[in-house]
Amino acid sequence: VQVNERAVRQISVVNLGRFNFDFDWTTSERCQRRGGSQSDGNVIAVKPAAGTVASNGRTKCEIAFCPSKKLTLNDCVISCKIPHGPTFSVAVLGRGTVPSLSLSFTKRNFGPCFLFRPG
């Protein structure tokens, strides 16, 4: 992903049981405050960060990666904790790169050009 761009992936939290359950997403320390352009300065954001999944229901969660500087993210783990239940961990890998565009000139005059418009 280029710097200040945003890559988004969706994960569904599915409940096949008879009772509703809550979930809560957390990010590891290695994911936090690494030069991201999210509102809190993190490179990884999960929305919604917490919620409830109804019985036989599904909730879509969005994981966004948005670096504000060049970086490599290879040791980040986000976890979905179900109270009184299991914790599911997802390893996140990403790379923020700067655009690699260079021009050999800063000013160029192409001269008169013929423009054709059919019709």
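I began at strand β7, where I found Ser89 as the bridge partner of Ser79. Strands here are DSSP runs (E, at least two residues), numbered from the N terminus. The model is predicted: local features need pLDDT of at least 70, side-chain atom pairs count only at pLDDT 80 or more, and totals for chains, interfaces and linings use all residues. Residues are numbered from 1 along each chain as its sequence is written, and side-chain values use heavy atoms, with hydrogens and water left out.

I next looked up Thr72 and noted Arg95 as its bridge partner in β7. I recorded 9 bridges between β6 and β7, in the antiparallel sense; two strands pair if DSSP finds at least two bridges between them.

I then examined the hairpin of β6 and β7, which has 5 residues between the strands, and noted that His84 takes a positive phi near 60° there.

I traced the sheet as a whole. It is open, with 4 strands in the order β4-β2-β6-β7 and antiparallel pairing. I noted that β4 (50–53) and β7 (87–96) each have a single partner strand, so one side of each is left without a neighbour in the sheet.

Finally I turned to Asn74, which lies in strand β6 (residues 71–81).
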